[in-house]
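Open the model in your viewer and keep the sequence panel beside it. The stops below say what to select next and what is there.

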Amino acid sequence: MMKQWQEFARHVHELYNSVEFIPLHEPTFNGNELSYVSDCVTSGWVSSVGQYVDRFEHDLAQFVGTKRAVAVVNGTAALHISLLLVGVERGDEVLVPSLTFVATANAISYIGAIPHFIDVEERTLGVDSKRLSHYLEDIVEWRDDIPFNRHTGRKIAAIVPMHTFGHAVDLHNLQRVSEKYHIPIVEDAAESLGTTYEGKQTGSFGKVGAISFNGNKIVTTGGGGAIVTNDEQLADRAKHLTTTAKVPHRWEYVHDEVAYNYRMPNLNAALGCAQLENLPMFIEQKRQLTNDYAKLVESLQGVRLYTEVEEVRSNYWLQTLILEDCSLNRDEILQWLNDANVMSRPIWKPLHTLSMYKQCPKMELGVTEQLEHRIINIPSTPIGR
Ligand SMILES: *Cc1c(COP(=O)(O)O)cnc(C)c1O
């Protein structure tokens, strides 16, 4: 058993044409990054004012196909503001998969709202819209056309689907659930920039979408994030909330509410402009990597490579192995691969098992609980050839 994984590790080294440690995901800077960043430094416009922020927001909105994009300091801040934009308030409940990165639930908690954990489906690794619909049928109590959780008495104020490792959730059915139950969608598209669902970009389906440009994402600004939306008013509001609610004036400091300093610095935006130029290439390279892995995985017993479902064209941000044979031990395989200098990681610990989220409301999370032990991410840096 160990033999076949060592063999697999050898093939991964061949693929990356390297005998050294293969990281999970490294940024690729082979475009205009240096030129744009040094332009910032030379011009002195490195911080909160400068043309690259405007240009990055413009280019990003163009790519995602939304009317607007507002650049912020990181993806978590983008989620935080997105939730405020759709009206989430202290004491509300927000539906969120338990199988996500902790930031998704943290952003909900910053507002004083409560994560309400829902299950995922194996087909998409994301929110199971059909089961969610049945679940809401059970728990929703209407008060003046507003959905409340009949068990806790709290308003259900939003749903945050997350496109796991870049693969889109069942957006068609989710939108129907959102409409039927009057629950706005905030897409956590932190990992899925460039992924399309029925030909349309993820991030553009919800009332608002949040994207991350952290160092490990498909496009990085060093650290950064963005809110994307087709609603001009919400975009203006996002801009206001992320720039300390400053009222424009030639010299006076007038701020009209308590807000945030979440604006993306120009230096980071410069990096982002160059990265966006290469995004189509990154996606092609990642999709090619999936093809390469598909061949390698054929020789692994009881394991499959996750591949996109029919309606999705994925950015394949992180390559994903799914253990099909229940006798396979995830931790043993992680040990073998990491020992062989092939960086591999399990999926996140489901959030409902973390100390600060143990008490939160949740539906039956059977799929989440078994997927936790069956998923391994393997090196996913795009390979230039
Ligand atoms: C990366 C990520 C975030 C947070 O983004 P940061 O830029 O690191 O704050 C949120 N949700 C998911 C699913 C992520 O993968």
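Select Arg-55 and Tyr-36: Arg-55 lies over the face of Tyr-36, 4.6 Å from the ring centre. A charge counts as sitting over a ring if NZ of Lys or CZ of Arg is within 6 Å of the ring centre and within 35 degrees of the ring normal. Next, show Lys-200 with Phe-205, where the charged end of Lys-200 is placed over the ring at 4.4 Å from its centre.

Before going on, note that this is a predicted model, in which local features need pLDDT of at least 70 and side-chain atom pairs count only at pLDDT 80 or more, while totals for chains, interfaces and linings use all residues. Residues are numbered from 1 along each chain as its sequence is written, and side-chain values use heavy atoms, with hydrogens and water left out.

Now turn to rings beside rings. How many aromatic pairs does the structure hold? There are 9 aromatic pairs; rings of Phe, Tyr and Trp (its six-membered ring) pair if their centres lie within 6.5 Å, and planes under 30 degrees apart count as stacked, over 60 as edge-to-face and the rest as tilted.

Select Phe-8 and Tyr-293: their ring centres are 6.2 Å apart and their planes stand at 35°, so this pair is tilted. Phe-8 belongs to helix 1 (residues 2-15) and Tyr-293 to helix 9 (residues 266-297), so the pair links parts of the chain 285 residues apart (helices, H or I of at least four residues, and strands, E of at least two, are DSSP runs numbered from the N terminus). Phe-8 is buried at 2% relative accessible area, and Tyr-293 is buried at 0%; buried means under 20%, exposed over 50%, partly exposed in between (1.4 Å probe, protein chains only). Phe-56 is in helix 3 (residues 51-64), whereas Phe-213 is in the loop between strand 10 (208-212) and strand 11 (225-229), 157 residues away. Phe-56 is buried, with a relative accessible area of 0%, and Phe-213 is buried with a value of 0%.

Last, select helix 4 (residues 75-85): 9 of its 11 residues are buried, so the helix is largely enclosed by the rest of the structure. Among the buried residues are His-80, Ile-81 and Ser-82. At the start of helix 4, a side-chain oxygen of Asn-74 comes within 3.1 Å of the backbone nitrogen of Thr-76. Just after helix 4, Gly-87 has a positive phi of about 95°.

Technical notes: A polar contact is a pair of N or O atoms within 3.5 Å; within protein, one must be able to donate a hydrogen and the other to accept it, and residues adjacent in sequence count only if both atoms are side-chain atoms.
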